[in-house]
Every structure is written in C-alpha cells, then in structure tokens.
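Please look at the structure below and follow the links between its side chains. The notes after it are grouped by topic.

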Amino acid sequence: QVQLVESGGGLVQTGGSLRLSCEASVSIFDINTWGWYRQAPGNQRELVAEIRSGARRNSPERTNYADSAKGRFTISRDKNTVYLQMNSLKPEDSATYYCSADFRFYVESGTYYYPNRDWWGQGTQVTVSS
C-alpha cells in the first residue's frame with residue numbers, strides 16, 4: 001500500500017518559517033514528479049513547488065515554483081522524502097498543503113513497479129497569523 005504522509009504544518013507568525021515533509025511508504029526507484037500543492041478555503045488547489053525528474057527523458061532534474069513561492073520556498077528531496085522549506089511566511093500562505101508524487105518504486109522481487117498514477121497525501125494545515 002503506497003502512502004504519502006505529510007508533516008510539519010502548524011501555526012506560525014508572519015515572517016516565520018516552517019519545514020514540511022512528505023514521506024513515501026515505499027522505497028522509490030525514481031520519480032517522474034513530486035510536488036507540493038495547497039488549497040485555502042474557497043480556493044482551488046494550486047501548485048506551490050515541484051521537482052520534475054529528467055531521468056526518463058535524459059534531461060536534467062528541474063524545480064518549478066509558483067510565483068508566490070519564488071524566493072521564499074525551497075523544495076528538496078532525500079530518497080523517499082520530499083521537503084518544502086517555507087520562509088518569510090505571509091497570512092496568504094495559510095492553507096492545507098498536500099504533496100503529490102508520480103514515481104516508480106521497488107517491489108519485493110527487487111524490480112520496480114510503475115502504477116502510472118499520482119499519489120496524494122492527506123494534507124497538513126499551515127496557518128500564518130498576522
């Protein structure tokens with residue numbers, strides 16, 4: 001059973017920082033994409049930051065950020081976990097943050113399996129007080 005488990009959300013004052021984590025329950029062979037999204041009440045879910053692997057396209061890995069996140073947020077990955085370091089937080093950053101990933105992962109036989117789907121976490125709440 002594949003799960004993505006987010007953690008690190010909480011209440012912080014304007015200008016503060018939080019570091020979100022998203023850990024996969026499987027051992028990842030490689031990723032296609034792994035990103036952070038957020039959704040505030042009454043708003044659509046939006047992409048905050050993502051990593052796009054170029055391994056299967058023979059091109060460099062690259063990161064993409066929403067304009068609102070550039071210069072303040074940093075996405076990074078360590079094996080089976082992706083992080084979102086959020087600095088200089090603003091009240092408008094308040095939302096439920098979700099991670100989503102599309103990846104190949106190791107199975108018991110030692111080979112990898114690619115279900116060709118996006119996995120989603122349950123979300124972690126970030127609240128920035130003014």
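Arg38, Glu46, Arg72 and Asp93 are linked in a network of salt bridges, a salt bridge being a side-chain nitrogen of Lys or Arg within 4 Å of a carboxyl oxygen of Asp or Glu. The model is predicted, so local features need pLDDT of at least 70 and side-chain atom pairs count only at pLDDT 80 or more, while totals for chains, interfaces and linings use all residues. Residues are numbered from 1 along each chain as its sequence is written, and side-chain values use heavy atoms, with hydrogens and water left out.

- Asp93 is found in the loop between strand 8 (81-86) and strand 9; strands (E, at least two residues) and helices (H or I, at least four) are DSSP runs, numbered from the N terminus.
- Asp93 has a relative accessible area of 1% and is therefore buried; buried means under 20% relative accessible area, exposed over 50%, and partly exposed in between (1.4 Å probe, protein chains only).
- Apart from neighbours within four places in sequence, Asp93 is in contact with Arg38, Arg72, Phe73, Ser88, Val126 and Val128, where contact means heavy atoms within 4.5 Å.

**Other salt bridges**

- Side chains of opposite charge can pair when their charged atoms come close.
- The count of salt bridges in this model is six.
- One of them joins Asp30 and Arg104, whose closest N and O atoms are 2.5 Å apart.
- Asp30 lies in strand 4 (residues 28-39) and Arg104 in strand 9, so this pair ties together parts that are 74 residues apart in sequence.
- Asp30 is buried because its relative accessibility is 11%, and Arg104 is buried because its value is 13%.
- Glu50 and Arg52 meet through their side chains in a salt bridge, at 3.0 Å from N to O.
- Glu50 is buried, with a relative accessible area of 8%, whereas Arg52 is partly exposed at 27%.
- Lys70 and Asp67 also form a salt bridge, with an N to O distance of 3.1 Å.
- Lys70 counts as exposed at 51% relative accessibility, and Asp67 counts as exposed at 64%.

**The disulfide**

- A disulfide is a covalent bond between the sulfur atoms of two cysteines.
- The count here is one disulfide, the rule being a pair of cysteine sulfur atoms within 2.5 Å.
- The bond joins Cys22 to Cys99, with 2.0 Å from S to S.
- Cys22 lies in strand 3 (residues 18-24) and Cys99 in strand 9 (residues 95-106), so the pair ties together parts that are 77 residues apart in sequence.
- The link of Cys22 and Cys99 is right-handed, with 55 degrees about the S-S bond.
- Both Cys22 and Cys99 are buried.

**Aromatic rings**

- The model has six aromatic pairs; rings of Phe, Tyr and Trp (its six-membered ring) pair if their centres lie within 6.5 Å, and planes under 30 degrees apart count as stacked, over 60 as edge-to-face and the rest as tilted.
- The rings of Tyr37 and Trp120 have centres 5.0 Å apart and planes at 55 degrees, so this pair is tilted.
- Tyr37 is in strand 4 and Trp120 in strand 11 (residues 119-120), so the pair links distant parts of the chain, 83 residues apart.
- Tyr37 is partly exposed at 22% relative accessibility, and Trp120 is partly exposed at 37%.
- Phe105 and Tyr113 form an edge-to-face pair because their planes stand at 90 degrees, with ring centres 5.7 Å apart.
- Phe105 is buried, with a relative accessible area of 9%, whereas Tyr113 counts as partly exposed at 44%.
- Phe105 and Tyr113 belong to one aromatic cluster with Trp34 and Phe103.

**Charges over rings**

- The charged end of Arg19 sits over the ring of Tyr83, 3.9 Å from its centre; this requires NZ of Lys or CZ of Arg within 6 Å of the ring centre and within 35 degrees of the ring normal.
- The charged end of Arg117 sits over the ring of Trp119, at 3.6 Å from the ring centre.

**Gly54**

- Gly54 is placed in the loop between strand 5 (46-52) and strand 6 (62-65).
- Gly54 counts as buried because its relative accessibility is 2%.
- Leaving aside neighbours within four places in sequence, Gly54 is in contact with Ser59, Pro60 and Glu61.
- Gly54 and Thr33 are 21 residues apart in sequence, and their C-alpha atoms are 9.3 Å apart in space.
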